[in-house]
Amino acid sequence: MPSNESITLTAPEHDKLGIIHCGVTREGFIAVAGEPRDIADGESIFFERAGITAKRNGGEYTFSK
């Protein structure tokens, strides 16, 4: 997957994937395009409105299109 199609963040960090804002507010709490969610270690969440999948692996959170 090209690097512009995914970003990996740790808490507290934020960045953009294309034009979509992605952020890790604190451990286990993320937001994509203003939609906040709790995320457990090993969990993957698809944000339908933004078309982005967020996956948590320990302290790393990967957001991909």
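How many bridges join β3 and β4, and in which sense do they pair? Select both strands to find out: the pairing is antiparallel, over four bridges. Strands here are DSSP runs of E, at least two residues long, numbered from the N terminus, and two strands count as paired if DSSP finds at least two bridges between them.

Before going further, a word on what you have open. This is a predicted model, where local features need pLDDT of at least 70 and side-chain atom pairs count only at pLDDT 80 or more, while totals for chains, interfaces and linings use all residues. Residues are numbered from 1 along each chain as its sequence is written, and side-chain values use heavy atoms, with hydrogens and water left out.

**Stop 1: the sheet around β3 and β4**

Stay with β3 (20-26) and β4 (29-32), and pick Gly 23: standing opposite is Ala 31 in β4. Now widen the selection to the open sheet of four strands, β2-β3-β4-β5, with antiparallel pairing. β2 (13-17) and β5 (35-38) are the edges; each has a single partner strand, so one side of each has no neighbour in the sheet. On average, neighbouring strands are turned by 20 degrees against each other, direction ignored (axes are lines fitted to C-alpha atoms, and angles run from 0 to 180 degrees between N-to-C directions).

**Stop 2: the other sheet**

Next, select β1, β8, β7 and β6, which in that order form an open sheet of four strands, again antiparallel. Here β1 and β6 are the edge strands, each pairing on one side only. Zoom in on β7 and β8, an antiparallel pair with five bridges. Click Lys 55 and look across to Thr 62 in β8, which stands opposite.

**Stop 3**

Center on Cys 22. Leaving aside neighbours within four places in sequence, its contacts (heavy atoms within 4.5 Å) include Ile 7, Leu 9, Ile 52 and Phe 63.

**Stop 4: the salt bridges**

There are two salt bridges to find, each a side-chain nitrogen of Lys or Arg within 4 Å of a carboxyl oxygen of Asp or Glu. Start with Arg 56 and Glu 27, at 3.5 Å, N to O. Arg 56 is in β7 (52-57) and Glu 27 in the loop between β3 and β4, so the pair ties together parts that are 29 residues apart in sequence. Arg 56 is buried at 15% relative accessible area, whereas Glu 27 is partly exposed at 46%. (Buried means under 20%, exposed over 50%, partly exposed in between, with a 1.4 Å probe and protein chains only.)

Then go to Arg 37 and Glu 35, at 2.7 Å, N to O. Arg 37 is partly exposed at 29%, and Glu 35 is partly exposed at 22%.

**Last stop: Arg 26**

Finish on Arg 26 in β3, partly exposed at 46% relative accessibility. Which residues does Arg 26 contact, leaving aside neighbours within four places in sequence? Ala 11 and Tyr 61. Draw a distance from the C-alpha of Arg 26 to that of Pro 12, and you get 5.6 Å for residues 14 apart along the chain.
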